[in-house]
Amino acid sequence: MRGAPPIPPTGVTYEQDGPLLRIVGQFRGLVSGPRDLGVGGAELDRLIARQRDYFAGRGEAVEWKTRGHDHPADLTERLRAAGFLPEERETVVVGLAEEMAVRQPVAPEGVVVRRVTADLDMHRIAAMESAVWGEDWSWLADDLIGRIDAAPDEIAVYIAEADGEVVSAAWLVFRAGTEFASLWGGSTLSEWRGRGIYRALVATRAALATARGIRYLHVDASDDSAPILRRLGFHAVTTTTPYVWKPRADSPAPPLK
């Protein structure tokens, strides 16, 4: 499940740098590698610096996605030394899609869950996420639109609406050639939490995954989501922590291309 979907979203490109996959063209860069990078010491420092400097030249932030069982063991120390800072650690959980699909909690009265594909709905989702997190998530609309445009069979986006307002949203991402699909999103407006919307979105996506022959569901779960998912029958397998480097605010703007 590491790496990236076989078909990149519209406007996104994949590049290989040694053992690393570098993803370019999203709201920030993304770097992902195998469990064991196969390099260490000064060679690893140079590999890390190349990723930082590449995105510095673009004037962009970059996320290096780590897992709790990655090697070498000092990878995160070397990322910190290169200026990468950790964001919130998440728990990677896996569950059987068929088991999740039979757990069909009913959305609260007045809430409708439906699948969406229109650009307008992606912008509505981004606006909801911005309200939840208190920061600009407008980039998410472009990301979802690009994914649907490039590979509509690989992603299914759902919203939960109340009186025409998006109160929660989540999406299911398929990975061709595997028995896995991933659950993403699930953020819910504060006044609508604790009413079963998140669980209803899990069950809805699990039903679609099961219909598509998917055996396992995978989630990078926040501290809020992990307890819910464990109660549903998901099992923790490791952790994941994004290490992020950002250009300094006073850095000169990159040259126009």
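Buried residues are those with under 20% relative accessible area. The views below show a predicted model.

**View 1. Helix H4 and the elements around its buried residues.** Helix H4 spans residues 119–133. From the first C-alpha to the last, this 15-residue helix reaches 21 Å, close to the 21 Å expected at 1.5 Å a residue. Its buried residues are Asp 121, Met 122, Ile 125, Ala 126, Met 128, Glu 129 and Ser 130. These residues pack against strand E7 (111–116), helix H5 (139–150), strand E8 (155–162), E9 and strand E10 (180–188). Just after H4, Gly 134 adopts a positive phi of about 70 degrees.

**View 2. The largest nonpolar core.** This core has 50 residues, and among those with the most contacts inside it are Met 122, Ile 125, Val 157 and Phe 234. Strand E9 (residues 165–174) gives the most to the core, with eight residues. A second, separate core of 17 residues includes Ile 48, Val 62, Trp 64 and Leu 79.

**View 3. The aromatic pair of Tyr 54 and Phe 55.** The structure holds six aromatic pairs. In the edge-to-face pair of Tyr 54 and Phe 55, the centres lie 5.0 Å apart, with 80 degrees between the planes. Tyr 54 counts as partly exposed because its relative accessibility is 27%, whereas Phe 55 counts as buried because its value is 0%.

**View 4. An aromatic cluster and two arginines over rings.** Phe 27, Trp 133, Trp 137 and Trp 139 are linked into a cluster by ring pairs. Arg 195 lies over the face of Trp 192, at 4.4 Å from the ring centre. Arg 212 lies over the face of Phe 174, at 3.7 Å from the ring centre.

Conventions:
Residues are numbered from 1 along each chain as its sequence is written. This is a predicted model: local features need pLDDT of at least 70, side-chain atom pairs count only at pLDDT 80 or more; totals for chains, interfaces and linings use all residues. Side-chain values use heavy atoms; hydrogens and water are left out. A nonpolar core is a set of buried Ala, Val, Leu, Ile, Met, Phe, Trp, Tyr and Cys residues joined through side-chain atoms within 4.5 Å. Buried means under 20% relative accessible area, exposed over 50%, partly exposed in between (1.4 Å probe, protein chains only). Helices (H or I, at least four residues) and strands (E, at least two) are DSSP runs, numbered from the N terminus. The expected span of a helix is 1.5 Å times one less than its number of residues. Contact means heavy atoms within 4.5 Å. Rings of Phe, Tyr and Trp (its six-membered ring) pair if their centres lie within 6.5 Å; planes under 30 degrees apart count as stacked, over 60 as edge-to-face and the rest as tilted. A charge sits over a ring if NZ of Lys or CZ of Arg is within 6 Å of the ring centre and within 35 degrees of the ring normal.
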